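Dear colleague,

Please find below the structure that I am handing over to you. My notes on it follow directly after.

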Amino acid sequence: MLVQFYNVSKIYPNAVKALDDISLKIDRGEFVFLVGQSGAGKSTLTKLLIREETPTRGQIFINSRSIVRMKRTQVPKMRRSIGMVFQDFKLLDTKTVFENVAFAMEVIGASTKEIKIRVPEVIKMVGLKGKEERFPGELSGGEQQRVGIARALVNRPLLLIADEPTGNLDRDTSLGIMELLYDINHKGTTVVMATHALDLVKAGRKRVLELERGRLISDKRPGDINNDFTSY
Amino acid sequence: MILHHTKYFFSQAFNSISRNRLLSLATVTTVTVCVLILGVALLLFLNTSTLMSNLESDVEVNAFLNKDLTQSQIADVKSQIEAMPGIDSVLFVSKDQALQNLQKSFGGESYNLGTTMGRNPLPNSYQIKAKDPHNVPALAAQIDQLYGVDKVNYGEGLVERLFKLTKWIRTISIVIIILLAMGAVFLIATTIRLAIYARRKEIYLMKLIGATDWFVRWPFFLEGVLLGSCGALIALIFLAAGYSSILHNVKTVLFISLLSNSGVLFTVYGGLLLTGAVLGTLGTLISLNRYLDV
């Protein structure tokens, strides 16, 4: 098991109950969609996964280690096994494509030699070969998200978390990004993707976790008979 | 590995300075102004302090002796005074010498006081200095009790007021300097907070990717030290040039000699440079911790 949630609740200081008694397990190599309306708790769940937030109650294990009881000094090491992709890409505008990807290796202390080998590999993999020296402002939205994905992958994470990765992209571009994510999943990385885009979810035929007002209301796998999310 | 990191930290710090030129300039200017004000205040304080020490060390006890004492009794008084703790020096002033001193203060040699008055009315006396001028009143009271001492004089009343005044001036100066330093830290922290705010996305990303707190801090830390030292250096150049030209042109102001001991000045300037670096670092650390909590 890569991810385990046991009776996890999260109540924010302003008394908003974002997650209510969530229990779930995600296996290595799975691709999981996390769906639900705005405010259902998708973002909170992803924030708990990278320990940007800690749960009010319950336990979370990643790779069999509790990240709730984890000391602050051990958090960086845990995060290195997780890659994060954002809706708004969060690229650094003053850095080139190459530098944006290399940044993720630099900040965990990789050597220049390792960076020179690994970064071009990942850039090629996301389909941006030849655009290494461009700046984010010179790229299309889809290309920018590919840079974001390359940055998330460059440190070879066990788990890739994508929070609305296609939220700012048009349909065709979104399909391209989905292809890339499936491909990454195929090569062995576990992917958790929070999204609104139901058509992408339906076409994906992957496991779907549905949240509603902080509760996990369904957990459906591709083999299930009634996998149509009429409730959503 | 460590060398590689150091190179990375320095290149990040320099990149950040050149990329945020305006904010870097603002930080340097802020430090320059703060250190300059601090330096002027410090030099004023040191000069006042020296002046007050000089004034205080002028305080002495005059012990006038009875007229009918024998030579051995006079010597006896001296040894008794010298046996007291905290005595710096005891100087005998004979009645003849006292008369000459009086005549000098009256206008020199144009007439002879001794012949005018026909006799010398002045007594023999001892001029006593204490190691710590603040002990003078207590010592005077003790000396007054000795056999053979007719009267003591140490500028009663005036001396106590002088001591009170110097104490207040010292306390107030130190408070002002501390307030100035605190203001400087606050000002610099605000400026650096702007620089860090401009890079909050980068810090957030670094933290999420798995950089340790110190890895994030180092470049900012170096930036703070560099900008702080730079600002302090500029302030020092102004301060040293200004002060040495004052020293050069006016040896004394209102008969008060200015502090010119190069060793002391060197310490002051060195301390201010260090202060600049510390201010920059402190400002950075205060501002940074808020953004590290991801």
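In chain A, A:L34 stands opposite A:A194 of β8(A). This is a predicted model, in which local features need pLDDT of at least 70, side-chain atom pairs count only at pLDDT 80 or more, and totals for chains, interfaces and linings use all residues. Residues are numbered from 1 along each chain as its sequence is written, while chains are lettered from A and ligands numbered from 1 in the order in which they are written.

Helices (H or I, at least four residues) and strands (E, at least two) are DSSP runs, numbered from the N terminus. Strands pair if DSSP finds at least two bridges between them. Strand β3 (residues 31-35) of chain A pairs with β8(A) in the parallel sense over 5 bridges. Strand β7 (residues 159-163) of chain A is likewise parallel to β8(A), with 5 bridges, and A:I161 has A:V192 as its bridge partner. From β7(A) the chain crosses through helix α6 (residues 171-186) of chain A to β8(A) in a right-handed β-α-β crossover (with the strands pointing away from the viewer, the path from the first strand over the helix to the second runs clockwise).

Of the 6 residues in β8(A) (190-195), 6 are buried (20 or more other C-beta atoms within 10 Å of the residue's own, with C-beta atoms placed from the backbone). Both faces are covered, with A:T190, A:V192 and A:A194 on one side and A:V191, A:M193 and A:T195 on the other.

Finally, 16 residues of chain A are in contact with 15 residues of chain B (C-beta atoms, placed from the backbone, within 7 Å). On this side of chain A, α2(A) gives the most, with 3 residues.

Terms used:
Two residues are in contact if their C-beta atoms, placed from the backbone, lie within 7 Å. A residue is buried if 20 or more other C-beta atoms lie within 10 Å of its own, exposed if 12 or fewer, and partly exposed in between; C-beta atoms are placed from the backbone.
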